[in-house]
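Thanks for coming, everyone. Please look at the sequence and the structure while I talk.

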Amino acid sequence: MAMALRCFRHLPSLLYRSSFTVTRGLPQAPNCCPSLLLDGCRQCVHQVLLTRQLATKKAKGKGQSQAKVNISAALVEDIINLEETSEDMQAVVEALKEDLSRNLSVRTSPGALDHIIVMTKDGKFPLNQLGQISLKSPQLIVVNMASFPESTAAATKAIRESGMNLNPEVDGTIIRVPIPKVTREHRESLAKLAKQSTNKSKEALRKVRSKSINQVKKSKSKVSEDTIWLLEKQIQQMADSAAAEMDKLLAAKTKELLG
């Protein structure tokens with residue numbers, strides 16, 4: 001594995017060769033590669049060269065080409081699990097998608113409060129496990145906390161701090177949650193909340209990226225600097241792709257909220 005990774009040391013110089021090199025034939029494997037790995041080395045070079053030529057585009061404002069790195073996860077599995085990194089990033093995107101769908105809508109239903117987490121002395125519980133939630137009218141949701149009256153105050157606080165722009169009112173063990181009128185101001189408020197939620201998700205995405213890059217840097221003593229550089233670039237590309245998906249989700253939700 002380590003011998004195969006050393007092949008990446010020669011990639012930068014190979015990447016900048018002209019398209020003439022690709023059409024006329026692949027460069028020979030470097031001397032450091034044993035003959036046993038010759039075909040594998042040429043295959044890696046071929047993949048990266050084609051990826052660079054077919055997936056480049058003009059950099060905004062610079063007029064330069066940006067190469068898309070696509071390293072096989074199997075070749076670097078002893079350095080970092082790229083598939084796991086991708087899954088962690090996608091999990092952040094999916095969490096944002098669910099948040100935008102559940103919490104930010106101009107139409108309110110009893111199920112909109114189900115996911116709210118209530119902090120009690122016995123731990124954290126979804127609101128629908130502590131109280132009976134019902135829709136009394138299009139403008140009012142009622143939460144009956146008769147089964148767990150001691151958690152009424154905690155449930156009220158959780159609803160108020162849910163980020164849904166709700167102002168609950170308490171009457172014994174009954175929590176009344178007036179639904180804000182669907183005014184232009186309310187729509188704009190929801191749109192702002194959507195942007196705030198997206199920004200929080202992007203921060204979580206940056207943490208995943210930083211964690212992965214730091215893990216890669218720990219292998220500097222084992223692999224070449226070129227390999228480290230390629231991995232860092234690919235991780236950044238994965239993060240950029242996830243961030244772009246978040247921007248699309250925000251744009252769609254903003255359009256929906258503002259009508």
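Start with E169: its bridge partner in β6 is R176. This is a predicted model, so to speak of local features we need pLDDT of at least 70, side-chain atom pairs count only at pLDDT 80 or more, and totals for chains, interfaces and linings use all residues. Residues are numbered from 1 along each chain as its sequence is written, and side-chain values use heavy atoms, with hydrogens and water left out.

A word on names. Helices (H or I, at least four residues) and strands (E, at least two) are DSSP runs, numbered from the N terminus. Two strands pair if DSSP finds at least two bridges between them.

Back to that bridge. β5 pairs with β6, residues 174–178, through three bridges, and the sense is antiparallel. What is the order of the strands in the open sheet? It is β3-β4-β6-β5, four strands with antiparallel pairing. At the edges sit β3 (132–137) and β5 (169–171), each pairing on one side only. From one strand to the next, the twist averages 25 degrees. Angles like this run from 0 to 180 degrees between N-to-C directions, and axes are lines fitted to C-alpha atoms, for helices over the stretch in contact.

Now walk through the other pairs. β3 and β4 are antiparallel, with five bridges. Two residues separate them in a hairpin. Q132 stands opposite N144 in β4. Next, β4 meets β6, again antiparallel, and five bridges join them. There, V142 faces R176 in β6.

What lies across β4, β5 and β6? Helix α7, residues 152–160, does, running at about 10 degrees to β6.

There is another hairpin to see. Strands β1 (residues 117–120) and β2 (residues 123–126) run antiparallel, joined by four bridges. The hairpin link between β1 and β2 is two residues. I117 has P126 in β2 as its bridge partner.

On to the helices. α8 covers residues 184–217 and α9 covers residues 225–258; they pack at an angle of about 170 degrees, axes 10 Å apart. The pair is therefore roughly antiparallel, a label for angles over 145 degrees; under 35 is roughly parallel, 65 to 115 roughly perpendicular, and the rest oblique. By class, the contact of α8 with α9 has 16 nonpolar, five polar and eleven charged residues. Here Ala, Val, Leu, Ile, Met, Phe, Trp, Tyr, Cys and Pro count as nonpolar, Asp, Glu, Lys and Arg as charged, and the others, Gly among them, as polar.

Just after α9, G259 has a positive phi of about 70 degrees.

Buried means under 20% relative accessible area, exposed over 50%, and partly exposed in between, with a 1.4 Å probe and protein chains only. Leaving out residues up to four places away in sequence, S197 touches L96 and D99; contact means heavy atoms within 4.5 Å.

K192 also belongs to helix α8. At 59% relative accessibility, K192 is exposed. K192 and T254 are 62 residues apart in sequence, yet 8.6 Å apart in space, C-alpha to C-alpha.

Last, S219, in the loop between α8 and α9. S219 counts as buried, at 8% relative accessibility. Beyond residues up to four places away in sequence, S219 touches I79 and I228.
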